[in-house]
Amino acid sequence: LTGPASVGARREAGFAGCAIRPALAGDAPAIRALVRSVLDEYRLAPDPDGIDRDLEDPITAYAGRGGALDTVVDEAGKVVGCCGIYPHGADECARAL
């Protein structure tokens, strides 16, 4: 569901023109804001020295573990979602964000 050629498939899947793409360095502030807004929504305190430490440099945090970080961007290019995934053991992976 990435790239301009799949706009129709994204709309059919309910993404309303949004695109999924690899996170870019410039996305980090928007990713942090998005995750913090979700934490706020659920009345959870951010833990920058613990579980949320990956938000300091999200792309490097996932790439450094052999994983990847993707973003969902709307038609205007605004980050409206994200998902990180990395290996967890020999036969599993973990997802976060």
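Residues are termed buried under 20% relative accessible area, exposed over 50% and partly exposed in between (1.4 Å probe, protein chains only). By this criterion both Tyr62 and Tyr86 are buried. The structure is a predicted model, in which local features need pLDDT of at least 70 and side-chain atom pairs count only at pLDDT 80 or more, while totals for chains, interfaces and linings use all residues. Residues are numbered from 1 along each chain as its sequence is written, and side-chain values use heavy atoms, with hydrogens and water left out.

A nonpolar core was defined as a set of buried Ala, Val, Leu, Ile, Met, Phe, Trp, Tyr and Cys residues joined through side-chain atoms within 4.5 Å. The largest such core comprises 14 residues, and those with the most contacts inside it are Ile31, Val35, Tyr62 and Leu69. Two or more residues are given to this core by each of α2 (28-41), α3 (58-63), β2 (68-73) and β3 (79-87). These elements are DSSP runs numbered from the N terminus, with helices (H or I) of at least four residues and strands (E) of at least two.

One aromatic pair is present in the structure. It is formed by Tyr62 and Tyr86, whose rings are tilted, at 5.8 Å centre to centre and 50° between the planes. The pair links distant parts of the chain, since Tyr62 belongs to helix α3 and Tyr86 to strand β3, 24 residues apart. Rings of Phe, Tyr and Trp (its six-membered ring) were paired if their centres lie within 6.5 Å, with planes under 30 degrees apart counted as stacked, over 60 as edge-to-face and the rest as tilted.

Arg65 lies over the face of Tyr62, at 5.1 Å from the ring centre. Arg65 also lies over the face of Tyr86, at 4.0 Å from the ring centre. The criterion for such a placement is NZ of Lys or CZ of Arg within 6 Å of the ring centre and within 35 degrees of the ring normal.

One salt bridge was counted, the term denoting a side-chain nitrogen of Lys or Arg within 4 Å of a carboxyl oxygen of Asp or Glu. Asp27 and Arg21 meet in a salt bridge through their side chains (2.6 Å, N to O). Asp27 is buried at 7% relative accessibility, whereas Arg21 is partly exposed, with a relative accessible area of 22%.

Zero disulfides were found in the whole structure, a disulfide being a pair of cysteine sulfur atoms within 2.5 Å. Cys18 is buried, at 14% relative accessibility; the closest cysteine sulfur to that of Cys18 is in Cys82, at 13 Å, too far for a bond. For Cys93, the closest cysteine sulfur is in Cys83, at 9.1 Å, and this is likewise too far for a bond.
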